[in-house]
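Colleague: Before we begin, could you take me through the reasoning behind the words you use for this model, one step at a time?

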Amino acid sequence: MAGLLSRVLPKRFRKEGVAIPVVRLQGVIMTGGSQFRPTLNLASAAPMLEKAFSRKDAPAVAISVNSPGGSPVQSRLIYQRIRALAEEKNKKVLMFVEDVAASGGYMIALAGDEIFADPTSIVGSIGVVSGGFGFPELLRKIGVERRVYTAGENKVILDPFQPEKEGDVEYLKTLQLEIHKVFIDMVRDRRGSRLTDDETIFSGLFWTGTRGFDLGLIDGIGEMRETLKRRFGPKTRLELVGGARNIFGRRLPGVVRDSAAGAIGAGAVSGLAETLEERALWSRYGL
């Protein structure tokens with residue numbers, strides 16, 4: 001139908017140039033989320049990705065990523081969905097880093113056939129981190145006794161209300177090493193010979209876009225609009241693909257970073273803890 005209309009309509013009414021669908025993936029990567037505390041995960045990203053890749057006339061899909069990381073599982077699921085759609089629809093994926101694509105954010109960026117970034121973007125942080133808080137002394141001071149009943153000697157491993165145990169930490173580190181290996185294998189598979197032999201690449205360090213280009217973590221320095229017009233012609237149009245909306249017309253979680261005030265108002269103690277964790281992830285990269 002679109003082809004027929006383009007032939008029937010007078011030339012002045014026809015759209016010229018290539019239209020490239022654009023998907024923005026932004027935020028801390030974790031499950032859940034709400035209207036007041038959006039997060040980035042497969043559930044929030046999938047509708048936008050499906051819509052973008054369904055554009056039959058588009059030779060490529062452009063994806064903007066801006067994330068300090070989070071869940072390795074959700075990061076990998078988003079990565080796999082992008083690659084599956086790219087192969088199914090036979091489209092190139094051009095990935096553009098905004099402020100940061102670090103840790104899980106960089107894992108998602110690996111789904112791009114090419115990765116571009118600003119000279120001042122932050123990329124890398126190929127590692128695994130776990131964190132939490134311990135409260136055994138607080139309980140003792142306020143006179144609260146912790147009572148836990150389990151079947152299975154390791155059922156309360158890493159319980160934050162009990163003193164940290166050396167064996168628990170060692171076990172956690174074995175899990176981290178397994179996940180780290182998966183991440184490293186993904187980087188080597190996707191970046192291949194473009195990577196340099198610098199031994200710090202997989203150390204968890206992160207770099208500017210300029211240094212990331214030197215290391216082979218990205219393919220070029222460039223802004224989305226300029227890069228796409230140079231690639232597909234000066235009349236190239238960028239068409240932003242929005243997320244799903246609720247019955248009130250508000251965008252559902254997963255495409256923007258929210259404010260701490262909204263999350264605190266929506267959630268009580270758990271919401272506050274999650275907000276602090278999100279802020280810690282962003283602030284690690286100076287954001």
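Modeller: Let us start with a pair of residues in this predicted model: Arg24 stands opposite Ser64, which lies in strand 2.

Colleague: Why is strand 1 described as largely enclosed?

Modeller: Seven of its eight residues are buried, and strand 1 is therefore largely enclosed by the rest of the structure.

Colleague: Why is His180 called buried?

Modeller: The word is used for a relative accessible area under 20%, and His180 has a value of 16%, so His180 is buried. His180 is found in helix 6, which covers residues 166–191. Leaving aside residues up to four places away in sequence, His180 touches Ile126, Gly127, Val128 and Phe202.

Colleague: How do you know that the span of helix 2 is close to what is expected?

Modeller: Helix 2 (residues 42–53) has twelve residues, and from its first C-alpha to its last it reaches 15 Å, which is close to the 16 Å expected at 1.5 Å a residue. At the start of helix 2, a side-chain oxygen of Asn41 comes to within 3.2 Å of the backbone nitrogen of Ala43.

Colleague: Which residues of helix 2 are buried, and what covers them?

Modeller: The buried residues of helix 2 are Leu42, Ser44, Ala45, Ala46, Met48, Leu49, Ala52 and Phe53, and their cover includes strand 1 (19–26), strand 2 (60–67), helix 3 (72–89) and strand 3 (92–102).

Colleague: How many helices and strands does the whole protein have, and what share of its residues is buried?

Modeller: The protein has nine helices and eight strands, and buried residues make up 40% of its 287 residues. Among contacts between residues at least 6 apart in sequence, 71% join residues at least 24 apart.

Key
Residues numbered from 1 in each chain as written. Predicted model: local features only at pLDDT ≥ 70, side-chain atom pairs only at ≥ 80, totals over all residues. Heavy atoms only, no water. Helix = DSSP H or I, 4+ residues; strand = E, 2+ residues; numbered from the N terminus. Buried < 20%, exposed > 50% of the residue type's maximum accessible area, 1.4 Å probe, protein only. Contact = heavy atoms within 4.5 Å. Expected span 1.5 Å × (residues − 1). Polar contact = N/O pair within 3.5 Å; in protein donor to acceptor, adjacent residues only side chain to side chain. Pairing = 2+ DSSP bridges.
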